[in-house]
Amino acid sequence: MIVLGYNGFTRGAELFGRLFGATGVGRNLLVGHDAAAALMIDGEVVAAVEEERLSRVKKTSDFPAHAIEWCLDSVGVGLDQVDVVAFPWRFSPTVAEEMIAQICGSDLPVTAKFDSLRRTGELYTDMLSREAVYSDFVQRTGYELDPDKLSLVPHHLAHLMCGAYLAGGSDAAFLVSDGRAETLSSVMGELRNGVVRLLEGTAVDMSSSLAVTYGRITRYLGFVPNNDEYKVMGLAAYGPPPRHNPLLERVVRLHENGSYTLSVPQDVQAYYALFDSLFDGDSEKREQFAFRVKVAGLAQHMVEAVTAHQLRTLTAASDLDTLLFEGGLALNCVANTKMLERSSFTGMEVSFGASDPGVAIGAAVYAAGLRNRPAAAVTTPYLGPSYGAGHIREALEQYADLVVWQEEPDAASVADRTAELLAGTRVVGWFQGRAEFGPRALGNRSILANPAIPDIKDIINLRVKHREPFRPFAPVVLEAEAPRVFEMGKKTSSPYMTFVFPVRQEYRERIPGACHVDGTARIQTVDERQNPHLAQLLRAFTARTDVPCLLNTSFNVAGEPIVCSPRDALECFLATEIDHLVIDRFVVTKRDR
């Protein structure tokens, strides 16, 4: 059985921009962001790529024409061979009725209700309805799909199926929390024998979205919502835990059934005024680092308190040992660690597709039928394009007036030469094999450096990534070595940088570049099966330096998608102060100018 999953709408940006003002700072506040495609054959995901990696438009919500084409071409499959096309949104007539009822039951003035109904009606008719989704697919692919082959999957169910598939398909309790699905923002329950059971009364309405509230605080602090929340998470570590939290006192209301209500106005000026009142802020204070740290700490504390409230209900209702956490809020790795360590769950999984790129995979899994995966199956994020030596040489030749290169004879030589370069202060772009899928999976399109260099974070932030100096970097470490360097708690591995861990005291001075201000690190563990080339490099680097990890960040600059092709890598290499580029077996250096 061949299933194609995809996420994205041709008219998403246009309609959300015109009807709801989702432009500028609010440009990512729309349905279908992080467009992607995934192909599943006989129960296994064989290809997946985010549209932004190919179109080079970050967080695009456009119909993923490039991604669909690549997924099919990569395995030699045509659309006529696809059995099901799965789409991770189901705005059914019943959902539409709920949307209408919510508007009519709101406290908006009558004229505002009519305006909201008009705008929502146009969005539903032109983009969200089954007829609109089908028409969009046919027009953009040029293929007359059998309408019966189009499967619309509820958004939260697509999130859950992605996480469940990548965790192996076994029984687990689950929490899904994101900005919005069709009408809800969070659900929880159990997955047993492939059957989903929602906990009655625990769903949270879209109007009380915890992720959206965190995004509004992100905007209040001068960042881009639904894009820069990780900056707020990073800032929170610069201050002590709050003694009292006005968000919990005046915004959050926790309910006995495990749900909650958040009272934050939708209008930007209105919630700015609310936050100024809560935080004693104004336009000048919002630019001050200390004020941002204080507010970030309160926002982070709110997330941790609310998710802990949900888990208390979930653990009381389920005797399962493992928790699956999916949805955009699951990218908050600081909260994830606290959720696991403070709960009775013995294990917790957050997938590399936890945010909206993953719903393309999840929709395909749902349509194909979730099944237990063999214990020997390798779960890998390396599902995107790869490039052969001929393609790489061709790209290098196009930049021959700007770069020189040396081809190493084998993988061992590549590892030894790269380790030699990284032993000093050099920054290396690392490009190997298939591109990763999702925002937190690295290792094949990475920027690497020596974490033992005290000022390496400043060097990369300023000279390479062109981003704020308070931003931390994550280390990559062999899975077998991780417990020696980091306090792993209940975790034995963390391959997708979705958890943080304290750096052991004896290593904090040895790897200062990989330590955040609070002594933690968002690590990526690597083993030989999942990424043999990176594992070989880590062994070579440790043998040469006695430093057990490498600093590891995404191969891009601020505001740009992670590189995908050799040309992308060369363009980024030449536009920054990255010292060397290792692309497959080619070690590339800039020509003297």
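**View 1. Q310 and the residues that it touches.** Leaving aside residues up to four places away in sequence, Q310 touches L175, S186, M188, V204, G258 and Y260; contact here means heavy atoms within 4.5 Å. The model is predicted, so local features need pLDDT of at least 70 and side-chain atom pairs count only at pLDDT 80 or more, while totals for chains, interfaces and linings use all residues. Residues are numbered from 1 along each chain as its sequence is written, and side-chain values use heavy atoms, with hydrogens and water left out. Q310 is found in helix 12 (residues 289-317). Helices (H or I, at least four residues) and strands (E, at least two) are DSSP runs, numbered from the N terminus. Q310 counts as buried because its relative accessibility is 0%. A residue is called buried under 20% relative accessible area, exposed over 50%, and partly exposed in between (1.4 Å probe, protein chains only). Q310 and G258 are 52 residues apart along the chain, yet their C-alpha atoms are separated by 4.9 Å.

View 2. Two strands pair if DSSP finds at least two bridges between them. Strand 1 (residues 2-7) and strand 2 (residues 36-41) are joined by 6 bridges in the antiparallel sense. Which residue of strand 2 is the bridge partner of I2? The partner is I41.

View 3. A search of the whole structure finds 20 aromatic pairs. One of them, formed by F16 and F20, is tilted, with 5.6 Å centre to centre and 40 degrees between the planes. Rings of Phe, Tyr and Trp (its six-membered ring) pair if their centres lie within 6.5 Å; planes under 30 degrees apart count as stacked, over 60 as edge-to-face and the rest as tilted. Both F16 and F20 lie in helix 1 (residues 12-20), 4 residues apart, which is about one turn of the helix. F16 is buried, with a relative accessible area of 7%, whereas F20 is partly exposed at 35%. The rings of W89 and F91 have centres 5.9 Å apart and planes at 15 degrees, so this pair is stacked. W89 and F91 are both buried. One aromatic cluster is formed by Y220, Y271, Y272, F275, F279 and F291.

**View 4. The protein chain as a whole.** The protein chain contains 21 helices and 23 strands. Its C-alpha trace spans about 70 × 60 × 50 Å along the principal axes. Buried residues make up 58% of the 593 residues. Of the contacts with a separation of 6 or more, 73% come from residues 24 or more positions apart.
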